[in-house]
Amino acid sequence: MQPKGYLSIVLHAHLPYVRHPEHEEFLEEDWFFEAMTETYIPLIHVFERLHDDGVPFQITMSISPTLASMMNDSLLTGRYLHHLDKLIELAGKEVERTRWMPEFHRLALMYHFRLTFARTTFADRYARNLIHAFRRFSELGHLELMTCGATHGFLPLMAGNERAMRAQVRVAVATHEQFFGAPPKGIWLPECGFDERVVTHLKDAGIKFFFVDTHGVLHASPRPRYGVFAPIICPDTGVACFGRDMESSKQVWSAQEGYPGDYWYRDFYRDVGFDLDFEYVKPYIHHLGIRKCTGIKYHRITGPGDHKEVYDPQVAREKAAAHAGNFMFNREKQIEHLYGLLGKEPIIIAPYDAELYGHWWYEGPEWLEFLCRKIAYDQQTVKLITPSAYLEKHPTHQISMPSVSSWGYKGYSEVWLNGTNDWIYRHLHRASDRMIELAGRHRGERDPLTRRALNQAARELLLAQSSDWAFIMNTGTMVQYAVKRTKSHIDRFNRLSDSIARNAIDPGYLRELEWKDNAFPQIDYAVYA
Amino acid sequence: MPDHLTAKVEEKRPEAPAAAHTDPKPAAAHVPGSGGGPLPGRRPFGGTSEAEDIPQGYGINCLVLLVRDPSWIHSYWEITPGKNEEALASLELQPGETASRVLRVYDVAGAEFNGYNAQLFFDIRVDDFARNWYFRVDPNRTYCAEIGLLSSSGRFAVLARSNTVRTPRAGMSDVIDDKWGTVAEDYYENLYALSGGFDVGKSSLELRRMLEERLRAELSSGAVSSFGASPVRKGAGAKGRNFWFVLDAELIVYGATAPDAAVTVQGRQVRLRPDGSFTLRFALPDGVQRIDAVARAADGLEERSIIPIVSRTTEVPEPVLHTEES
């Protein structure tokens, strides 16, 4: 039976490039370790189980170039393995420590099992490189892999500098092809930050589709005949634009109404790193003795106050199944209604940060797995699809230019442009202008040292442009780190570009930067010319 | 991110400045600047171990506009002292006349601004020492700006001209493409409502407001900022106070025997250190724990047991509150 509509689950996986070879241990590298253990590996397990059971499923996933680079980096993956081994050790101790408390003991056993299973997945089955895993599911036809801006640069605040936007796109596409074996057909614009001027560059890079937030499509011109329930094609380029569906987002993201807040789900904050005796957890927290999350948590949300009951994984699992059924049921109703109204099959775009699944919402991956199974076997109205497959089936759509927008708070650029972070832009813009100047002047440069310096300058610029820094400054936690990253990349860029202009490149300094800021090894500064 | 799941200790919502012509909001990390500022000092190359910093300015006159949203534009500039002198001189101020810095914003309605072809403009007085400004505008318009010196007699000397920007639309486009079929009057209203995830049956103004509310409240992006933050520890304080106190107890059981002996505790084998010692650590709940510890000699001919029996109860009296006087 033909479905009445389509659902595209889009997972956006991204972390900024955080790699500090100059320190043995660095707190912010934890972001990567936590995401690996709590999100990426569990998602891979979901894909494995679905595939092994022969469940038909299609999910779309963007893996940002910085994240892919980190997954591929042997320094970071070596550190990750060490981190994971320490966690397994802690879990083992917890198994012993909780022997007289059965409710906690069974959780300790659960964590010990999950962590050791994660380790075999990571170290043995995928040879310490999860890129192999995602690539495998892409080749099996389950995962459509997309890219994202090279360093997640926020395009609407690049002051219309098309070469700067183009570089974010081109470096991303090249990096994606390098890691995944084929250029991407789709891109997740960082924060869905859309600027009209980027579209031709997407087209030139072979991109066929991208995403914007709901109002990006709703406010498009001419008015989209099918709202967000069909893509629109950007004028003159043929690049398709899909808009986020609010309804399905709300059910998962919303603080008030969303699934992750259910009282039976695991509480994020009651972590043993904070709850247990200092001397006991000391080897597993920051080496300076600062407490931090370990990922081993024993409580459920329970209610709005501070009182937390012990987590019951059986009940939580049942909840995840019920919520998946509820989500599917709502999509069925939504699609039936829309099918009647629009006179054609709608496509529902449901994008989420990948890190929501597993890290923030512990039961998220289980929910996703239940959803895929239920959609495959329990109904006929909705079919999972990827944007590429949809465009192949339905290539003709209304031509309309999306509106400038983002999926950030308030829908535009305020998150990244306010009193906490507006100071960065004069530096980023000046650096972009300078990079373009240098790239033009050194077209076809032969001198190897100069080429290396130009390439490194491009790296520094890209790293400075990570929208993550401005985002962190706005949020107010870990601000110092974000400020330091911005200042150091700008400073490194300025010194390099000065030295290139004066023909006085310091090889020692250049080598040091190449070692520290080693993202995008194949970059060619000509991308700015 | 769902609000209660983020690790934001304090909700930071950037506030739109109230007045149309606003004061700039220098952030803590804002580079302090004079109006022009000297050229950035060149530091000798010394490796990244030195403090890495950004310069005060780049010695280039510029004015840049960045669109924040349909109703606000952010501008920043750099004016060299030389340019300022030049502009001041060109005003040929008469005795008693003064000049002040002004941001002149032009609505250029899609045309390429040549200095004269704007539809209308408005002036914003800015401090001599300001280096950026947020100002209020209309949606779906095109703007260009100049920063300059305005004499009290009304003459204007340009210091720098900006790029041209367009503010996004704040609602649905008025342009309807007939090629895609004509529809009923309320079709788009319904569609807008459905797209925005609301109940059908609201006016488009209400819908737009609800969409904005939705964007404001619930569905923001961003996972990375939440990593690495410490959790909020709220106290179950009496009378809304923020005081808290938690306590728990664990039991350490340690012993030693001949290094080649076999030890079990509560039936479970215990690994000995090379010197024959061992340590166990247990969370101690309320109740009684009988700790059967048995050591068996390597030759199997002798067994010794030691059985501590530990009990715990916990009392939690009501919090005691002292008044100011006592």
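Chain A contains 19 helices and 9 strands, where helices (H or I, at least four residues) and strands (E, at least two) are DSSP runs numbered from the N terminus. The model is predicted, so local features need pLDDT of at least 70 and side-chain atom pairs count only at pLDDT 80 or more, while totals for chains, interfaces and linings use all residues. Residues are numbered from 1 along each chain as its sequence is written, and chains are lettered from A and ligands numbered from 1 in the order in which they are written.

We can begin with the overall dimensions of chain A. Its C-alpha atoms fill a box of roughly 70 × 65 × 45 Å along the principal axes. The radius of gyration of chain A is 24 Å, which agrees with the value near 24 Å for a compact globule of 529 residues; the radius is taken over C-alpha atoms, and the globule rule is 2.2 Å times the number of residues to the power 0.38. Of the 529 residues in chain A, 60% are buried (20 or more other C-beta atoms within 10 Å of the residue's own, with C-beta atoms placed from the backbone). Among contacts in chain A between residues at least 6 apart in sequence, 78% link residues at least 24 apart; a contact requires C-beta atoms, placed from the backbone, within 7 Å.

Helix α2 (residues 65-72) and helix α6 (residues 162-180) of chain A pack at an angle of about 35°, their axes 10 Å apart. Axes are lines fitted to C-alpha atoms, for helices over the stretch in contact, and angles run from 0 to 180 degrees between N-to-C directions. A:P65, A:A68, A:S69 and A:N72 of α2(A) meet A:V171, A:A172, A:T175, A:H176 and A:F179 of α6(A).

Turning to chain B, 4 strands form an open antiparallel sheet in the order β11-β10-β14-β15, with pairing defined as at least two DSSP bridges between two strands. Strands β11 (268-270) and β15 (303-306) of chain B stand at the edges with a single partner strand each, so one side of each lacks a neighbour in the sheet. Neighbouring strands of this sheet are turned by 25° against each other on average, direction ignored. Within it, β10 (residues 262-265) of chain B pairs with β11(B) over 3 antiparallel bridges, and B:T264 lies opposite B:Q269.

Another open sheet of chain B has 3 strands in the order β1-β2-β5, paired antiparallel.

Conventions: A residue is buried if 20 or more other C-beta atoms lie within 10 Å of its own, exposed if 12 or fewer, and partly exposed in between; C-beta atoms are placed from the backbone. Two residues are in contact if their C-beta atoms, placed from the backbone, lie within 7 Å.
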